[in-house]
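This is a walk through one protein model, going from the whole chain to its parts. Please keep the sequence and the 3D view at hand while reading.

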Amino acid sequence: MADFSSLGLSDWLVQQCKQLGINKPTAVQENCMPAILQGRDCLGCAKTGSGKTAAFVLPVLQKLSEEPYGIFCLVLTPTRELAYQIAEQFRVLGKPLGLRECIIVGGMDMVSQAVELSNQPHVVVATPGRLADHIRSSNTFSMSKIQFLILDEADRLLEQGCTDFTKDLEVIMGILPAKRQTLLFSATLTDTLQELKSIAMNEPFFWESTSETRTVEELDQRYILTPEKVKDAYMVHLIQTLTDQHDDWSIIIFTNTCKNCQILTMMLREFNFPVISLHSMMKQKQRFANLAKFKASVYKILIATDVAARGLDIPTVQVVINHNTPGLPKIYIHRVGRTARAGRNGVSITLVTQYDIHLVHVIEQQTKTKLKEYPVEEKAVLKILTQVNMARRQCEIKLESTDFDEKREINKRKQLILQGKDPDLEAKRKAELEKIRSQKKKFKQKIQEQVQRQKCGQLKKKPMKRQHVKATE
Ligand SMILES: Nc1ncnc2c1ncn2[C@@H]1O[C@H](COP(=O)(O)OP(=O)(O)OP(=O)(O)O)[C@@H](O)[C@H]1O
Ligand SMILES: [Mg+2]
């Protein structure tokens, strides 16, 4: 197996890696780094926790040390927390260089960010929305000479999900030089391969791990089949069992909405579990603070939406619980990938209701792994069922009495304003669309009813015909 020196890294970088316990390159590093050092564009698809970050950070630092200037490299990533994590890797590995990096993400002070950008940092790590805002609003910095553009979690940046980055990416691409190296990494690149190839200008080097499965072998993947109404009781029982057995384990619980995240946090606190939450309706400073407390094991349980599903590297996480079965296999892969990283073991447990069984089949097909049942003592769950459901209801009432929904509305309006849209006009447009949709639905129903009636009519006529034939006979 190759070592870092033979891949083309200088001694100071090899030493720096050693200090962090990075001694031998992982497969994605061994395969992608030489191509990047040769100046090629690169698409790297490797499983969660396999060291993709170092696979791009190390060659960038190597090249930067040969010709240091700012702004040398731009890294784009879908979430703010991930931007901070990547910047930290650059900072730690690039310390001997006196590396200056700058983080440009939403929810933080824009003026100080603008000052930092104008000071020509070597590396800028950004979420697309905020960087595009800076580009639109100021001309105090230039990215026309960057050598590297990196898209970490590249498929998420290009897909049109609930946060659509395409407009912001267009703005950013507009100020980047055509002559650059483009590096794209993710654990799930394959769906968006064609779009990604078009972003990488030159014929890119493409590397994908050859493994049959799409999740890591060290991950024990389980499910619990539960009726929807009993789901929370199963979860409380499960957390109780896990924390009783392993008091040093950290757990991430993923759920589908900010509101659910908030309610589950309140509810689990009622049962005295050490929980803290992370979702996009929280103030950014609170988000960072909560994540820091979870990383430092001050709180052992993090309840999060998919804002925490990608990229976060927290070695203490032993268990991932999916409070809802993810609708897409890709989301499942990233969520469960928060544990069993860098060769460590981990467990994922997905709560599956009667409505989710088909989703599990799709996940199993795509990941090429069979989920095993997690044994649960049903009697113990039924014992706490009433108490848990009452606690949930009380938390829901408590939350309704706060202005949580109102805040969500305000947030939505803010987002629209930031996108340059008029919230009232958008609301009108939405209502009109809704009206057209419901008219279409009614129309469809009417036609179906008519067709049905016609069919019935024909059926009724048929026996009459027969009777008629009989009569003439
Ligand atoms: N060569 C190596 N040897 C040992 N550990 C490594 C090596 N390279 C990276 N690591 C460590 O592995 C962990 C996971 O790395 P990283 O976060 O880069 O994974 P990833 O592939 O980006 O995962 P994800 O798809 O979830 O983003 C980190 O803690 C990192 O320090
Ligand atoms: Mg990563």
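Helices here are DSSP runs of H or I with at least four residues, strands are runs of E with at least two, and both are numbered from the N terminus. Counted this way, the protein has 17 helices and 14 strands. The model is predicted. Its C-alpha trace spans about 100 × 55 × 50 Å along the principal axes. The protein has 473 residues, of which 41% count as buried. Taking contacts between residues at least 6 apart in sequence, 76% join residues at least 24 apart.

The next step is the division into domains. Domain 1 covers residues 5–208 and domain 2 covers residues 219–412. Their centres, taken over C-alpha atoms, are separated by 30 Å. Domain 1 puts 17 residues into the contact between them, and domain 2 puts in 15 residues. On the side of domain 1 that touches domain 2, helix α4 (residues 80–93) gives the most, with 4 residues. That side of domain 1 is made up of 4 nonpolar, 8 polar and 5 charged residues.

Two annotated spans can be set beside this division. UniProt, in an unreviewed entry, gives residues 2–30 as "short sequence motif: Q motif". In the model, the chain over residues 2–30 is 45% helix and 0% strand, and its end C-alpha atoms are 7 Å apart. The unreviewed UniProt entry also lists residues 218–382 as "domain: Helicase C-terminal". That span, residues 218–382, is 39% helix and 21% strand, with end C-alpha atoms 32 Å apart.

The model also holds a ligand. Which residues are the closest to ligand 1? They are Thr48, Gly51, Lys52, Thr53 and Ala342, out of 19 residues that surround ligand 1. Both domains take part, since the shell draws at least three residues from each of domain 1 and domain 2. Helix α3 (residues 52–66) supplies the largest share of the shell, 3 residues. By class, the shell around ligand 1 contains 6 nonpolar, 9 polar and 4 charged residues.

A single residue shows the packing in more detail. Leu157 is part of helix α7 (residues 154–158). Is Leu157 buried or exposed? A residue is buried if 20 or more other C-beta atoms lie within 10 Å of its own. Leu157 has 24 C-beta neighbours inside 10 Å, so Leu157 counts as buried. Setting aside neighbours within four places in sequence, Leu157 is in contact with Leu76, Pro78, Pro128, Leu151, Phe165 and Leu169. Ile331 is 174 residues away from Leu157 along the chain, and the C-alpha atoms of the two are separated by 14 Å.

The last stop is helix α11, residues 258–270. The expected span of a helix is 1.5 Å times one less than its number of residues. Helix α11 has 13 residues and should therefore span 18 Å; its end C-alpha atoms are 19 Å apart, which agrees. The buried residues of α11 are Cys258, Cys261, Gln262, Ile263, Leu264, Thr265, Met267 and Leu268. Just after α11 comes Asn272, with a positive phi of about 65°.

Conventions:
Residues are numbered from 1 along each chain as its sequence is written. Chains are lettered from A and ligands numbered from 1 in the order in which they are written. This is a predicted model: local features need pLDDT of at least 70, side-chain atom pairs count only at pLDDT 80 or more; totals for chains, interfaces and linings use all residues. A residue is buried if 20 or more other C-beta atoms lie within 10 Å of its own, exposed if 12 or fewer, and partly exposed in between; C-beta atoms are placed from the backbone. UniProt positions are given in the numbering used here, feature names are shortened, and annotations may be inferred rather than shown by experiment. Domain bounds come from an automatic or database domain assignment. Two residues are in contact if their C-beta atoms, placed from the backbone, lie within 7 Å. Ala, Val, Leu, Ile, Met, Phe, Trp, Tyr, Cys and Pro count as nonpolar, Asp, Glu, Lys and Arg as charged, and the others, Gly among them, as polar. A residue is near a molecule or strand if its C-beta atom, placed from the backbone, lies within 6 Å of it.
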